[in-house]
Structures are given as structure tokens and as C-alpha cells.
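Please study the sequence and the structure before reading each solution.

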Amino acid sequence: MFGDEAVEWFRHETLLLYVFAFVSLHIEFYQKLSERMRSLKCLIRPDEDPTSWAFHVKEFRNERWRGRNRITMPIQQVNELLRELATALASPDDRRFISATVFPYLRSSPTESKGQAEQKIRDKTLSAALTHMTDHLTQQGFSIDFVVEAQGDDHKRNSIDFSVERVGRALRHDLTYLYISRCQLIGLPVTDPKGSQLELELADLVAYMVRRHFHCLYIKRQPEVELELLGKVVWGVFVPGRFGTRTAIGFPWDHFYPGTSPGFS
């Protein structure tokens, strides 16, 4: 399982939304999507070796990044290419696994900095994502290895993202996690450099789409790349008083927040 994250602040930096997305592909489907990603990269930067750079949605949609890399395509074409990639990832359901774990956190303490809040909620969201996916997949008899995209340039210094290792080691001592592992040998989560694996690039796409979905709910407009294009997603969401789960196409707001209007008003 390969994972990446996305974060956004709302309500004048009082509400934090943290997302961890994970993607895994069947070997035959991997080859198909690998060719699709290679074609996409060649279209975006025809003069560059597609293996020499990592696909990252936030950069691709950034006009300055496109300008620095001599990419002249308009944002409408960028969004269409993202829709095509999401659609390619969606089908067939039994050849890929997509999960997204979402944590909306209200920063109530005036002394808590943005950095402190992000690190605290990152740890909780990652821990919940690993626990939820372990339970979901070991029920089906799978054993899992987790790879998370490294933050910053840690791998250039031959080091590992300590916060990911810390979360993994904490789960090793959690009786609930040991129980849901169902005697499967699950190693500590590790980190890989940005975009070093196809699945990390796809997890970046999923995390971006989830974050953007909630952003557009907040500003009351349609997202440029609709979540429904991904097909079935295994959702895990922190809701008041519990951690809820659901497999659905699109985000099942009514399941997690019944009786409320979509969006963080």
C-alpha cells in the first residue's frame, strides 16, 4: 500500500482538514496505468525523460510551475488530463484498492501553533489509516506492507521520516492493532522519496482530489476533478465521538454527517 497526504486550513486557520490516501494496484493493472502515466508525462513535458521527474498534482495545476517548465497548456486542459487519469484509476474495481482517511480538526487552543496542530493530526490520521486498512484487508486474508511518501528531502540525507516510524512502532504495542492484524506479519511503515513509485503519484492524485472536494464544498462551487471519477473508495472519517468507515463512490456525506448540509460552514 502506497500513501500520500494533503492538508488544508479553513475558517481563518481554525479548522484543519488532514487527508491520507493509499493506493495499491494488481500487477496487470499496474502495467496499464504505468503506460498511461508515462504517456501523460510525455504529453506534459515532451522534452524530458518521464522517469526523471515526479508527477505532483498541486505543482501541475500551478501556473508558475508550468511556466518554469515551459508547459503552455491551459488550466482547462490540465483538469481534463487529471479527469482522464482518475477515470483510468477507477476501473476495474477488483484490480486496484483506494482508501482515504479524513480528519477535520477544530483548533481550539490559542497557544497551539499551526505546525503543532498539523503534526498532531498527521500522527492521528496516519495511525487511523493504517489501523483501518489493516482491519479491512486482513479480513480478506491479505498481508500488507505500507509505504508513505517522505516529507521534505529526508531521503537525500539517507534518513527516514521519523514521525512515520514513530506511528508504526506505537501500533506495534497497541492490543487492538495486534488483534486486527489476525496473525499476519505486518512490518513497520517505511517512506520513499516523492513520486519514486507509480502508486505514490496516484496516491497524490487521490489525496489532492479529496482535499479539493472539501475545499470546493467550503467555497460552494463544483470541484474541477470530481471524486466520483475514482469509483469505489474505502473511506475512514473522524466524526464527533467516533471513527466511521464506508465504501462508496464519491464522499458519502449523509452517512458520516446525517441531517447536515455538505460542507464545513
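**Exercise 1.** Which residues of the largest nonpolar core touch the most other members?

*Solution.* The model is a predicted one. Its largest nonpolar core has 52 residues, of which Phe55, Phe60, Leu89, Leu202, Val210, Trp235 and Phe251 touch the most other members. The helix that gives the most to this core is H8, with 10 residues. A second, separate core has 26 residues, among them Trp9, Phe20, Phe97 and Ala129.

**Exercise 2.** Determine how H1 and H4 are oriented to each other, and describe their contact.

*Solution.* Step one: the axes of H1 (residues 27-44) and H4 (residues 75-90) come within 10 Å and cross at roughly 175°. Step two: angles over 145 degrees count as roughly antiparallel, and H1 and H4 are therefore roughly antiparallel to each other. Step three: on the H1 side the contact includes Phe29, Leu33 and Arg36, and on the H4 side it includes Leu81, Glu84 and Leu85. By class, this contact has nine nonpolar, no polar and two charged residues.

**Exercise 3.** Carry out the analysis for H4 and H8.

*Solution.* Step one: the axes of H4 and H8 (residues 198-219) are 11 Å apart, at an angle of about 110°. Step two: this angle makes H4 roughly perpendicular to H8, and the crossing is left-handed. Step three: Leu82, Leu85, Ala86 and Leu89 in H4 meet Leu202, Leu205, Val206 and Met209 in H8. The residues of this contact comprise eight nonpolar, no polar and no charged.

How values were computed:
Residues are numbered from 1 along each chain as its sequence is written. This is a predicted model: local features need pLDDT of at least 70, side-chain atom pairs count only at pLDDT 80 or more; totals for chains, interfaces and linings use all residues. Side-chain values use heavy atoms; hydrogens and water are left out. Axes are lines fitted to C-alpha atoms, for helices over the stretch in contact, and angles run from 0 to 180 degrees between N-to-C directions. Helices (H or I, at least four residues) and strands (E, at least two) are DSSP runs, numbered from the N terminus. Angles under 35 degrees count as roughly parallel, over 145 as roughly antiparallel, 65 to 115 as roughly perpendicular and the rest as oblique. Contact means heavy atoms within 4.5 Å. Ala, Val, Leu, Ile, Met, Phe, Trp, Tyr, Cys and Pro count as nonpolar, Asp, Glu, Lys and Arg as charged, and the others, Gly among them, as polar. A crossing is left-handed if the near helix is turned anticlockwise from the far one by less than a right angle, and right-handed if clockwise. A nonpolar core is a set of buried Ala, Val, Leu, Ile, Met, Phe, Trp, Tyr and Cys residues joined through side-chain atoms within 4.5 Å. Buried means under 20% relative accessible area, exposed over 50%, partly exposed in between (1.4 Å probe, protein chains only).
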